[in-house]
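Subject: Structure for you to look at

Hello,

Here is the structure I said I would pass on. Please open it alongside this message and follow the notes below.

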Amino acid sequence: MKKIEAIIQPFKLEPVKDALHKMSVQGMTVTEVKGFGRQKGIREVYRGMEYQVDFLPKVKIEVVAPDEKAESIVKTIIEQARTGRIGDGKIFVYPVAEVIRIRTGETGDAAV
Amino acid sequence: MNSGDTAFVLASAALVLLMTPGLALFYGGMVRSKNILNTLMQNYIIIALIGLQWALFGYSLAFGPTQGGFIGGLSYLGLAEVGPEPFKAYSETIPHQAFMVFQAMFAIITPALIIGSWVERFKFSTFLVFSLLWATLVYDPVAHWVWGDGGWLKGLGALDFAGGTVVHINAGVAALAAALIIGKRRGYGTEAMIPHNLPMTVLGAGLLWFGWFGFNAGSALAANGLAAIAFVNTHFATCGAALGWMIIEWLVRGKPTMLGVASGAVAGLVAVTPAAGFVGPMSAIIIGFLAGVLCYLAVLAKPKLGYDDSLDVVGVHMVGGLWGALATGLFACKAVNDAGADGLFFGNPAQFGIQVVAVLVTLVYSFVISLILLKILDATMGLRVESDEEVAGLDISEHQETGYSL
């Protein structure tokens, strides 16, 4: 089992979610996060006072899926979230040791 | 007594009251989220604090029978002799109490304006004492000089329709004194101090614009042609100022900003205040437009001048007020209001000179007394919260509550 963690542009959340839905991904967790990568921050100006804003708003999507689906999910996220401009984000893939559904106590692929 | 006038002035008083909560939102949106309640609280409690000061002795000091043109006497203490009958020197057609309560709202918002200079660091208890002393020792006398029956600046012929000098220059220069004496916020110039909720600021600016019709048109003290003139001037000057700020900012920085337009609107309202009942509508548009430009440039200059007037009370209220008071001496026209005077552009340069005198007197008096009060309070109560309290935010350290919880 794999956990796919994708940090994407906030406005790309809808298309990514819809595409994952279509490929029958069972669930996902979404968090509003802030951070920076190579894009660095941006400058904002308030009444002439200029501030460097280092942390930009992004959305983090977490999806857990069986090993064989992981690659196609990653591909789908890339297709949907990519603008080609700096700041598109990153995807991390982790191995998952165990999954347990709290309601029933099921484990493994059945619990995803 | 006239029922239309009375209804209009009472309704205007309610409009002016609304400006102070509007100011609370205008200022509140510009501070960081850890100081939102402290900022709102200062604005709000001042309604109660100065409200009672006015009833107990403030009105008497400002509008009581004059003592040599410098201060009102004590005969209206506790509103004695201030009843439902008109007091002819102020208005023959409305109850004395209606005039008194209309003026109360001006006395309340003036010290509230100063709050913008010291937010995010000023000790709440010291704030209460300072505001009470300032209202008593600065606002009340200056209001008497300019508006009181027998006031010496009024006798000189200074024109101030709705309080450009008494309210805005007065508060603006006190804000300069406060920013200089209280000092900068921790991290000013190195940390980002970004407004935490600009929609709140924009709503506040809208409420100020709305309430200002009471402030300026109500200052006619009657539901008449002069009130309409002041209403119209107020609106069009503000339109001019919002556009003026937007255009100059667009030219200088490359982007028009929402905070800029909201600030420009307030700058226009400030500048038209002394002129509202004395100039024609085209003059008002010019006054407003230039107010937007001048106040933007003043705000830009602040970082170079090195003081932390956090929310630009100096740049908007002092500079806008100065421009408005002087512009009144340029654009005033007896064809608009024959109770006024002609200004420089209408063949009477002397009026400009009188405006300069009224402005200088207010600048010096308010600055010096504010400075002395702050020095005394610094030595006795202390002006600032402790540095760790400032880092934690004044909501939690001064009030033990937070504005937003997850």
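**Helix α12 of chain B**

Helices here are DSSP runs of H or I with at least four residues, strands are runs of E with at least two, and both are numbered from the N terminus.

Before going on, note that this is a predicted model, in which local features need pLDDT of at least 70, side-chain atom pairs count only at pLDDT 80 or more, and totals for chains, interfaces and linings use all residues. Residues are numbered from 1 along each chain as its sequence is written, while chains are lettered from A and ligands numbered from 1 in the order in which they are written.

How far apart are the end C-alpha atoms of α12(B)? They are 47 Å apart, which agrees with the 46 Å that its 32 residues (349-380) should span at 1.5 Å a residue. The expected span is 1.5 Å times one less than the number of residues.

The buried residues of α12(B) include Q351(B), A358(B), T362(B), S370(B) and L377(B). A residue is buried if 20 or more other C-beta atoms lie within 10 Å of its own, exposed if 12 or fewer, and partly exposed in between, with C-beta atoms placed from the backbone. The buried residues of this helix pack against α4 (124-147), α5 (152-156), α6 (164-182) and α11 (313-331) of chain B.

**Cores**

A nonpolar core is a set of buried Ala, Val, Leu, Ile, Met, Phe, Trp, Tyr and Cys residues joined through C-beta atoms within 7 Å. The largest one has 140 residues, and among those touching the most other members are A175(B), L208(B) and A271(B). Helix α3 (residues 96-118) of chain B gives the largest share of this core, 16 residues. Another core, of 13 residues, lies apart from it and includes A6(A), I8(A), V16(A) and V63(A).

Beyond its neighbours within four places in sequence, A271(B) is in contact with residues including A237(B), I287(B), W323(B) and A327(B). Two residues are in contact if their C-beta atoms, placed from the backbone, lie within 7 Å.

Chain A has 2 helices and 6 strands, in the order β-α-β-β-β-β-α-β from the N terminus. Its C-alpha trace spans about 60 × 25 × 20 Å along the principal axes. Of its 112 residues, 16% are buried.

How many residues of chain A are in contact with chain B? There are 9, and they meet 10 residues of chain B. On the chain A side, β3 (42-46) and β4 (49-53) each give two or more residues, and β4(A) has the largest share, 4 residues.

**Two residues with positive phi**

Most residues other than glycine have a negative phi. R47(A) is not a glycine, yet its phi is positive, about 50 degrees. R47(A) sits in the loop between β3 and β4 of chain A, and counts as buried because it has 22 C-beta neighbours inside 10 Å.

L79(B), also a residue other than glycine, has a positive phi near 65 degrees. Its place is the loop between β2 (71-72) and α3 of chain B. Is L79(B) buried or partly exposed? With 17 C-beta neighbours inside 10 Å, L79(B) counts as partly exposed.

Regards
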